[in-house]
Amino acid sequence: MSGVTRDRPTQDSAGHGGGRAPQDGSASPGLGRHVIEPAVFAALARARGGAAGVRLLRAGQLSKRMLMVRALLRSADGRAEAGAAEAVYRGLVELSRSDRALWRRVMLHPYLDEGLARAITALDLGEPADLRRLERLTSHPGPEPWHRLRAECDGQFLELRLADRGPFRDVHGHALAPPLTAGQTRRWEETLRAAWEILVRRHPWHAEALASCLTTLVPLLPDPDGTVVSSAARRAFGAVAASLPEDPALLALALVHEFLHVQLGALLDLLPLHGPRTDARYHAPWRPDPRPAGALLQGTYAHLGVTDFWRAELAAGTGGARARREYHTWRGHTDAAAGTLLESGELLPAGERFVRELRTAVRREPVLPGRLRGRADLVADLRRLGLRDGDTVLVHAALHAVGPVSGGVRTVVDALLEVLGPAGTLVTYTQTPDNSDPSRWHLTRGYTVPEENWDQERARMPAFDPHTTRSFGVGVLPEAVRLRPGALRSAHPQSSFAALGAQAAYVTSDHALDCHLGEDSPLARLEKLGARVLLLGVGYAACTAFHLAEYRIPGRPRRTYSCVVAAPPPHGRRWHEYRDVALDSGPFAELGAAYEGTGAVRRGRIGSADCRLLDLGAAVDHAVRWLTRGPEVRT
């Protein structure tokens, strides 16, 4: 899409553009074409990019940093630093061949970008550059002498390195805290755990993205007057810095605010949103000094996160007068700044789209203040919608649409199981389309890798394990069901289902390896059980049951799929290819609307989420007829 989908080599700060990747491939395993699909672009602009958005941006960072390593090699050519630069480059080449996971960890070290940029700039200015730190990091990687913090809430984890020492942290622009004592480290961990609980239970969309991106927290000193401070740096992807607040909610807010700075910086590395810097300056409602357009864009996006945070706190009824005051203040400031950007004339077409999406998000009306929804509230809503004791139900969900829930996703699962009772069965779709050939990762993972690296990727991909492999791209509910004691999961390496309850074994058994969602899949078994489908805050595009209809239409196109499966020792894994229906969910939104028009769908709300409940078998029968007629007849 023009202005949104863009294939563009990233550049480092010294102006070095990308060239052709080395033909051996291993020296530049991160390079590739990065395509930002319109839906992902819009979600990022609304601060709802989630883990999928982070994956795209992380892939861009890998490409950018490898280009910077090559730029370092060129800048050092003929200089005294040439040997050290060559050692950095060769160290990464060898690491990419011997240990891909460690290579990624080194390449995504939060301060590698800043270290490379400083070295390249010094060399290009004819100044000496000390490359010893970069050489140690890339040639002899080992664990940093940093404390490890781990927070868990409702089965969701945040693991951070507490970076209280080490080079390049001064990029955050505030006074760094001295090395922490054991007592200070415990205080950080306690506050982080409390902040993580706030994020998971009241801001789940931000919690998902934070857990996917952040790796490092740098402790700062507060301002001399005691004001807490926080910071993100354009060249520190995955890191945020903050002083320790007394209130965990303020740490949660700082993580959201600074993460959005990190996210926008990584997006700008892939896609320009504004033109070159000019002398023009614009009013930022949160600062006394006028700002250039790029800085105003950064601040506006980060304050979308602040507005969003206080909106959710206001809805949860947990922030009182402070939440109401902060929400209205930051909503007004951020909306005004977005208007200034749109009137500046400095945004590129993609930037205009981005800021319009941002402004729409900041203008979202808050849910009316009230207490957190609990299990009893959800049970009542589910029963009102029509879910019954003894039902077997396939649930597709976007839990952020429900609003704040006490206990988060765990409470949602508890409520579903209470309504279904001992004779009922709860089923979720735990797909793993990322277990696919690297040639299709632009479709299944959202990013590409160069063709010369496909063999390396194929050799390193782990086999699907129904007990341990995480689902991909379906939200937090399927993972919560999969990890629940007693849950069972079907064995398909790309299209599995997890189930809890009386019929779980029947639903998940004998899922044929060459059948995604057809007659030898859990969908057909659900149909035989008279199962129902609950679309909880999602539309018909997510209705997996419609795929069963594709198998019942003669002449549907088929294609070859490939994935990694377990194999007997000594190999432990092998690539498996099979032919199956070429699945296409493109028409499902229109198909679902047509089915709903027959009056066969029950609609209602669970919390704040717009929901639909339908009988799986009847919906599939309708889908067969609708898909068979063809588009010209449907209209």
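## Helix α2

Of the 27 residues of α2, 24 are buried, so this helix is largely enclosed by the rest of the structure. Buried means under 20% relative accessible area, exposed over 50%, and partly exposed in between, with a 1.4 Å probe and protein chains only. Helices (H or I, at least four residues) and strands (E, at least two) are DSSP runs, numbered from the N terminus.

The length of α2 fits its residue count. At 1.5 Å a residue, its 27 residues should span 39 Å, and its end C-alpha atoms are 39 Å apart, which agrees. The expected span is 1.5 Å times one less than the number of residues. Just after α2, Gly 78 has a positive phi of about 80 degrees.

## Basis of the model

This is a predicted model: local features need pLDDT of at least 70, side-chain atom pairs count only at pLDDT 80 or more, and totals for chains, interfaces and linings use all residues. Residues are numbered from 1 along each chain as its sequence is written, and side-chain values use heavy atoms, with hydrogens and water left out.

## Helix α1 and its partners

Helix α1 covers residues 38-45. Its buried residues are Phe 41, Ala 42, Ala 43, Leu 44 and Ala 45. They pack against α2 (50-76), α9 (248-270), α10 (293-316) and α12 (349-362). Ala 47 follows α1 and has a positive phi, near 60 degrees.

## Leu 314 in α10

Leu 314 is found in helix α10. Its relative accessibility is 7%, so Leu 314 counts as buried. Glu 326 is twelve residues from Leu 314 in sequence. In space, the two are 9.3 Å apart, C-alpha to C-alpha.

## The whole chain

The chain has 23 helices and 14 strands. Its radius of gyration is 26 Å, close to the 26 Å that the globule rule gives for 635 residues, so the chain is as compact as a globular protein of that length. The radius is taken over C-alpha atoms; the rule is 2.2 Å times the number of residues to the power 0.38. Along its principal axes, the C-alpha trace spans about 75 × 60 × 55 Å.

Of the 635 residues, 55% count as buried. Contact means heavy atoms within 4.5 Å. Among contacts with a separation of 6 or more, 73% join residues 24 or more positions apart.

## Charge

The chain carries 80 positive and 71 negative side chains. Lys and Arg count as positive, Asp and Glu as negative; His and the chain ends are not counted. The centres of the two sets lie 2 Å apart, with each charge placed at NZ of Lys, CZ of Arg, CG of Asp or CD of Glu.
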